[in-house]
Amino acid sequence: MANVRNTARPLSPHIGIYTWGPHMAVSILHRATGSGMATVGTGLFVWWLVALAYGPDAYATFLDVFTLSNGKLNILGYIVGIGMSLSFFQHMASGVRHLFLDAGANFELRSNKRSALATFAVSILATAIFWVVLLEKANG
């Protein structure tokens, strides 16, 4: 078999030469959180609207999935609530990071890696603060 490769042209980079970095994780997570919030959020919103439209029994069923009889969140309510708020804050922090990248800043490797790692820290911290404030207001 003849060698059909033109040696004057460079080889295209193979996926194996790339090293995984936080900037790659943030980029993938930004897409995942956006899609996840859109899908889960839309599904919950439509379910809530349908439950409202069908009357008190359907709405009570909706509430029973996420709350206890005393009105506080059950474990599923916390998982969905914390998951959605963590996704929101991660998506927001990543969006702010991309805003700076779009403006032409933060392309140096060290600062790019730091800003990618900062999105994780900011999202976790913002979620924790949000839920502490929310629970303190709910518990008086």
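The buried residues of helix α4 (residues 109-138) pack against α1 and α3 (75-102). Buried means under 20% relative accessible area, exposed means over 50%, and partly exposed lies in between (1.4 Å probe, protein chains only). The buried residues of α4 are Ser111, Asn112, Ser115, Ala116, Thr119, Ser123, Thr127 and Trp131. Helices (H or I, at least four residues) and strands (E, at least two) are DSSP runs, numbered from the N terminus.

This is a predicted model, in which local features need pLDDT of at least 70, side-chain atom pairs count only at pLDDT 80 or more, and totals for chains, interfaces and linings use all residues. Residues are numbered from 1 along each chain as its sequence is written, and side-chain values use heavy atoms, with hydrogens and water left out.

**Two helices and their spans**

The expected span of a helix is 1.5 Å times one less than its number of residues. The table sets out the spans from first C-alpha to last.

| Helix | Number of residues | Span | Expected span |
|---|---|---|---|
| α1 | 33 residues | 46 Å | 48 Å |
| α4 | 30 residues | 44 Å | 44 Å |

Helix α1 has buried residues too: Pro22, Ala25, Val26, His30, Thr33, Met37 and Ala51. What covers them includes α2, α3 and α4. After α1 comes Gly55, with a positive phi near 110 degrees. Just after α4, Gly140 has a positive phi of about 80 degrees.

Two packed helices are described by the angle between their axes and the distance between the axes. Axes are lines fitted to C-alpha atoms, for helices over the stretch in contact, and angles run from 0 to 180 degrees between N-to-C directions.

The axes of α1 (residues 22-54) and α4 come within 8 Å and cross at roughly 45 degrees. The two helices are therefore oblique to each other. Angles under 35 degrees count as roughly parallel, over 145 as roughly antiparallel, 65 to 115 as roughly perpendicular, and the rest as oblique. On the α1 side, the contact is made by Pro22, His23, Ala25, Val26 and Leu29, and on the α4 side by Asn112, Lys113, Ala116, Leu117, Thr119 and Phe120. Contact means heavy atoms within 4.5 Å. By class, this contact has seven nonpolar, three polar and one charged residues. Ala, Val, Leu, Ile, Met, Phe, Trp, Tyr, Cys and Pro count as nonpolar, Asp, Glu, Lys and Arg as charged, and the others, Gly among them, as polar.

The axes of α1 and helix α2 (residues 56-66) come within 6 Å and cross at roughly 140 degrees. Here Leu44, Trp47, Trp48, Ala51, Leu52 and Tyr54 of α1 meet Ala58, Tyr59, Phe62, Val65 and Phe66 of α2. The residues of this contact are eleven nonpolar, no polar and no charged.

Arg97 is found in helix α3 and is buried, with a relative accessible area of 7%. Not counting residues up to four places away in sequence, Arg97 touches His23, Val26, Asn106, Asn112, Ser115, Ala116 and Thr119. The C-alpha atoms of Arg97 and Ala25 are separated by 13 Å, and the two residues are 72 residues apart along the chain.

Asn106 lies in the loop between α3 and α4. Its phi is near 70 degrees, a positive value in a residue other than glycine. Asn106 is buried, with a relative accessible area of 16%.

Thr127 is in helix α4 and has a relative accessible area of 6%, so it is buried. Not counting residues up to four places away in sequence, Thr127 touches Ile82, Ser85, Leu86 and Phe89.
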